[in-house]
Amino acid sequence: MEPTAPPSPDAGAAASPSQRCGLIAIVGRPNVGKSTLMNALVGQKISITSNKAQTTRHRITGVRTVDEAQFVFVDTPGFQTRHAAALNRSLNRAVVGTLSDVDLVLFLVEAGRFGIDDAKVLSLLQGEGLKHKPVVLVANKLDAVQRRADLLPWLKSMQDRHTFAEYVPMSAHKAADVDRLFGILKPYLPEQVWYYDQEMLTDRSEKFLASEIIREKLFRLTGDELPYTSTVVIDKWEEDGNLRRIAASIVVERDAHKGMIIGDKGERLKRIGSEARQELERLMEAKVFLELWVKVRSGWADSEEHLRTYGYE
């Protein structure tokens with residue numbers, strides 16, 4: 001599924017003197033909390049989360065309008081540094097492509113930590129064409145830091161690594177921290193008319209969100225047993241008033257992976273389907289009938305043709 005580019009501001013419409021709107025990328029290494037931050041900023045779940053790295057695979061656009069400013073956030077996949085499969089190349093293209101289009105970058109790290117994978121992502125922001133783009137350092141998971149005094153030397157070391165526009169220690173789980181972040185980011189948005197209606201939260205379809213929610217439950221309920229090279233494809237989508245009939249396939253690379261997902265007497269697959277259905281009903285405020293199947297497609301994650309078929313760029 002191709003991400004939808006934001007519409008151009010209406011050339012015939014004039015922004016009010018204080019009206020602002022801009023694109024903001026959220027970047028960082030895998031599993032650093034980008035999707036959690038995105039959901040907190042938008043105020044509703046639109047990007048999936050799990051303890052498994054490489055959960056987000058598509059560019060997810062979230063929109064939040066606060067007073068006269070519209071923030072258009074783009075949650076990118078975590079930049080892949082360890083494998084050269086076609087899937088990882090696709091994910092990295094999504095990251096680099098996003099950075100070239102935005103007005104501002106949020107570089108997300110864990111407060112008090114900076115590892116080799118963080119450094120590799122930061123090197124992207126120092127590449128040609130991006131050197132002069134404002135970057136805000138967001139030090140997330142502040143609530144996990146035992147001694148706040150230890151943050152001072154760490155922040156000094158981060159200042160030596162890059163000239164960040166702002167330094168924001170915070171916790172994405174705290175509403176007050178999220179509200180404070182909006183105030184910090186607002187001056188960096190261009191003065192222009194909004195891209196979207198005031199009430200809009202995401203440019204992604206319900207069908208796309210359904211595949212992502214199913215994939216989230218898959219990763220959460222299989223833990224480290226299942227390699228991240230598995231995906232979800234929506235085979236059937238029918239809407240009848242307040243009813244959604246959905247049939248989806250979980251695609252894996254090996255027969256052994258299929259057995260992990262199905263579980264003893266099909267119990268794990270039933271639980272994946274049940275939890276996904278319940279969350280989809282809450283998200284869509286509709287009744288959902290969900291059928292899940294598991295299919296084996298050997299080598300799909302290293303096949304450009306399969307990636308395009310399954311909606312990757």
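View 1. Strand β8 (residues 243-252) is largely enclosed by the rest of the structure, because 9 of its 10 residues are buried, where buried means under 20% relative accessible area, exposed over 50% and partly exposed in between, with a 1.4 Å probe and protein chains only. The model shown is predicted, and for that reason local features need pLDDT of at least 70 and side-chain atom pairs count only at pLDDT 80 or more, whereas totals for chains, interfaces and linings use all residues. Residues are numbered from 1 along each chain as its sequence is written, and side-chain values use heavy atoms, with hydrogens and water left out. The helices (H or I, at least four residues) and strands (E, at least two) named here are DSSP runs, numbered from the N terminus.

**View 2. The open sheet β7-β8-β9.** Three strands form an open sheet in the order β7-β8-β9, with mixed pairing; two strands pair if DSSP finds at least two bridges between them. Strands β7 and β9 are the edge strands, each pairing on one side only. Direction ignored, neighbouring strands of this sheet are turned by 15 degrees against each other on average. Strand β7 (residues 231-240) pairs with β8 in the antiparallel sense over 9 bridges, while β8 and β9 pair in the parallel sense over 10 bridges. Ser249 in β8 stands opposite Val233, and Trp293 in β9 is also a bridge partner of Ser249. Glu238 has Arg245 in β8 as its bridge partner. The hairpin of β7 and β8 has 2 residues between the strands, and in it Gly241 takes a positive phi near 65 degrees.

**View 3. Helices packed on the sheet.** Helix α6 (residues 206-222) packs on the sheet and touches β7, β8 and β9, its direction making about 135 degrees with that of β7. Contact means heavy atoms within 4.5 Å, and angles run from 0 to 180 degrees between N-to-C directions, the axes being lines fitted to C-alpha atoms, for helices over the stretch in contact. Helix α7 also packs on the sheet, touching β8 and β9, and its direction makes about 150 degrees with that of β9.

**View 4. The crossing of α7 and α8.** The axes of helix α7 (residues 255-262) and α8 come within 5 Å and cross at roughly 65 degrees. This makes α7 roughly perpendicular to α8, given that angles under 35 degrees count as roughly parallel, over 145 as roughly antiparallel, 65 to 115 as roughly perpendicular and the rest as oblique. Met260, Ile261 and Ile262 of α7 make the contact with Glu267, Arg268, Leu269 and Ile272 of α8. These residues divide into 5 nonpolar, no polar and 2 charged, where Ala, Val, Leu, Ile, Met, Phe, Trp, Tyr, Cys and Pro count as nonpolar, Asp, Glu, Lys and Arg as charged, and the others, Gly among them, as polar.

**View 5. The buried side of α3.** In helix α3 (residues 116-125), the buried residues include Asp117, Asp118, Val121, Leu122, Leu124 and Leu125. They lie on the same side of α3, because they cover an arc of only 145 degrees around the axis, the arc being that of the directions from the helix axis to the C-beta atoms.

**View 6. Two loop residues with positive phi.** Most residues other than glycine have a negative phi. Asp67, although not a glycine, has a positive phi of about 55 degrees; Asp67 lies in the loop between β2 (60-66) and β3 (69-75) and is exposed, with a relative accessible area of 61%. Glu285, likewise not a glycine, has a positive phi of about 55 degrees. Glu285 lies in the loop between α8 (267-284) and β9 (287-296), and at 66% relative accessibility Glu285 counts as exposed.
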